[in-house]
Amino acid sequence: MNIKEINWEAQLDTSLVSKSVIEALNTKKIFRYQYKSTKSAVNKLEELICDYVGSKFSLATSSATNAIFLALKSLGIDENSKVLIPSFTFTAVPSAVVQCGAEPVLVDITENYVIDLKDLEVKISTSQAKYLLLSHMRGHLCDMDKVVEICKKNDVVLIEDAAHALGVKWKGRFAGTFGLLGIFSLQSYKVINAGEGGILITNDPYIFWKTVVMSGSYEDNYLSHSIHNQEIASSYKNQLPVFNVRMNVLTAAAAIPQLQKIEETIENLNEKYFRFVETMSHIDVIEFPNLNSKLRVVRDSVQFRIKVDEESRLKFKLKLNEAGIPISYFGGENNNNARLYKNWKFLCKNDFSLEKTDKNLSEVFDIRLPIHFTNECIDCISAEVSRILLPFIK
Ligand SMILES: Cc1ncc(COP(=O)(O)O)c(C=O)c1O
């Protein structure tokens with residue numbers, strides 16, 4: 001196989017989803033609230049997610065970012081609030097905080113790409129923030145027992161941005177279920193590819209119904225959601241702003257068959273990831289993240305450090321890109337990667353000193369490993385990465 005033959009774009013498995021999407025099309029109703037006496041595909045998706053992760057309530061939205069926004073609004077977060085977030089996350093995360101008028105407080109990350117719990121305690125005490133929006137960036141989880149304990153001890157509400165961590169488990173429990181609310185993304189580069197989409201989960205009926213109403217469930221539309229605690233919903237009618245960030249029926253119809261076989265997909269993804277790690281393990285300047293035995297990982301991308309000097313790293317990236325490998329890099333100057341806090345110029349306060357984050361990301365590279373990759377693709381990428389890296393190793 002030639003590296004140029006590899007298709008790096010996420011590809012929808014049409015043989016898997018077409019039956020469900022065509023069935024949805026044939027109803028001629030693609031707005032979820034057009035279903036009065038039957039369940040829409042959006043309802044079915046919400047039920048399936050609850051069953052899968054073990055949550056009481058779930059709400060499908062147009063994106064994870066919008067689900068995060070609703071989550072924050074449901075907690076009453078406003079211009080008087082501060083929200084702690086890890087300094088390594090996608091730009092949409094601080095954006096959702098800003099959209100509520102609140103101030104993001106950035107917390108350093110460790111060498112394992114997760115929030116630094118020591119810095120979290122420092123920032124809780126210096127900022128007096130009462131909310132932690134914990135992004136499990138690239139599916140990496142911190143010690144969930146400890147973070148829950150820190151939040152409880154300090155009266156901090158935990159919201160999990162598990163946008164990129166659907167299926168990841170900490171000691172057998174799903175990411176997204178540790179916080180008061182959890183959020184998943186169904187955007188194309190995630191384990192479930194529905195183009196765009198988000199899911200919010202919670203066990204709290206009051207929070208749930210607030211998010212339902214604010215997502216765009218105006219008048220009596222809440223009646224077509226699952227039947228739990230609908231009297232709570234009626235009490236929010238016309239009391240809350242409505243942002244219209246609902247999921248449509250076709251998106252849900254594309255997601256359902258993928259969710260039904262998610263465990264198989266995860267097994268496949270992890271197999272490819274570990275194959276890549278294995279085939280690169282002979283190169284001692286490459287460092288992969290340590291495996292934590294408490295975690296069931298879901299690896300649809302690979303992060304690794306390259307222990308060569310900065311100039312070599314930049315040249316290495318350039319050569320890989322020229323070879324057709326869309327690798328990204330978290331270090332270097334003039335890097336416009338949207339996951340770097342220095343590029344969140346829209347933040348009013350952006351004079352952060354996050355030395356650990358700078359250091360811990362400076363050598364890190366990132367490659368997507370989409371679901372359709374075969375063993376042949378993985379071997380071809382490994383061979384090409386090794387070949388290009390070799391001249392930079394002294
Ligand atoms: C950690 C994280 N949070 C939030 C998002 C936003 O998800 P969406 O594109 O569904 O809004 C992403 C998207 O990549 C992400 O990686």
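**Close-up views of a predicted model**

**View 1. The shell around the ligand.** By class, six nonpolar, eight polar and one charged residues make up the shell around the ligand. Here Ala, Val, Leu, Ile, Met, Phe, Trp, Tyr, Cys and Pro count as nonpolar, Asp, Glu, Lys and Arg as charged, and the others, Gly among them, as polar. The ligand is surrounded by 15 residues, of which Ser63, Ala64, Thr65, Ala163 and Ser185 are the closest; a residue belongs here if its C-beta atom, placed from the backbone, lies within 6 Å of the molecule. Two or more residues of the shell come from each of helix 3 (64-74) and helix 4 (92-99). Helices (H or I, at least four residues) and strands (E, at least two) are DSSP runs, numbered from the N terminus.

A word on reading these views: this is a predicted model, in which local features need pLDDT of at least 70 and side-chain atom pairs count only at pLDDT 80 or more, while totals for chains, interfaces and linings use all residues. Residues are numbered from 1 along each chain as its sequence is written.

View 2. Domain 1 puts 31 residues into the contact and domain 2 puts in 28 residues, with contact meaning C-beta atoms, placed from the backbone, within 7 Å. On the side of domain 1 that touches domain 2, helix 4, strand 3 (103-107) and strand 6 (169-170) each give two or more residues. Strand 3 gives the most, with three residues. By class, this side of domain 1 has 15 nonpolar, nine polar and seven charged residues.

View 3. Follow the strands in the order 10-12-14-13, with antiparallel pairing; two strands pair if DSSP finds at least two bridges between them. Strand 10 (286-287) and strand 13 (328-329) are at the edges with a single partner strand each, so one side of each has no neighbour in the sheet. Strand 10 is joined to strand 12 (residues 301-306) by two bridges. Look for Glu287, whose bridge partner in strand 12 is Arg305.

**View 4. Inside the largest nonpolar core.** This core has 111 residues, and Val83, Leu84 and Leu133 touch the most other members. Domain 1 and domain 2 each supply at least three residues to this core. A nonpolar core is a set of buried Ala, Val, Leu, Ile, Met, Phe, Trp, Tyr and Cys residues joined through C-beta atoms within 7 Å, and buried means that 20 or more other C-beta atoms lie within 10 Å of a residue's own.

Methods. A residue is buried if 20 or more other C-beta atoms lie within 10 Å of its own, exposed if 12 or fewer, and partly exposed in between; C-beta atoms are placed from the backbone. Domain bounds come from an automatic or database domain assignment. Two residues are in contact if their C-beta atoms, placed from the backbone, lie within 7 Å.
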